[in-house]
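Me: Hi! I have a structure open and would like to talk it through. Could you help me get oriented?

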Amino acid sequence: MNRNIQQESKTLEEAARPLVEYIRKYHTPMTTAIVTGVGVEILSTDIQVSFDDDWD
């Protein structure tokens, strides 16, 4: 892996850690956070139905 990508990955991990901890503390594993340059949106799944992985 490119050294710049490795460093950027490490920086992103450090920046995202508080958001991941927040989601783990206050939401469910089905929660998604969308982060943009202007804000953060939290999406929570109220109902989930799993289907087989086989699409054939």
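Me: Which helices and strands does the chain have?
Reply: There is one helix and two strands, in the order α-β-β along the sequence. Helices (H or I, at least four residues) and strands (E, at least two) are DSSP runs numbered from the N terminus. This is a predicted model, where local features need pLDDT of at least 70, side-chain atom pairs count only at pLDDT 80 or more, and totals for chains, interfaces and linings use all residues. Residues are numbered from 1 along each chain as its sequence is written, and side-chain values use heavy atoms, leaving out hydrogens and water.

Me: How do β1 and β2 run, parallel or antiparallel?
Reply: Antiparallel: five bridges join β1 (residues 32-36) to β2 (residues 39-43). Pairing takes at least two DSSP bridges between strands.

Me: And what links them?
Reply: A hairpin through two residues. Within the pairing, A33 has I42 in β2 as its bridge partner.

Me: New topic: is V40 buried or exposed?
Reply: V40, which lies in β2, is exposed, at 53% relative accessible area. Buried means under 20%, exposed over 50%, and partly exposed in between (1.4 Å probe, protein chains only).

Me: How much of the whole chain is buried?
Reply: Of its 56 residues, 4% count as buried.

Me: What about overall dimensions?
Reply: The C-alpha atoms fill a box of roughly 40 × 35 × 20 Å along the principal axes. The chain's radius of gyration is 16 Å, whereas a compact globule of 56 residues would have one near 10 Å. That radius is taken over C-alpha atoms, and the globule rule is 2.2 Å times the number of residues to the power 0.38.
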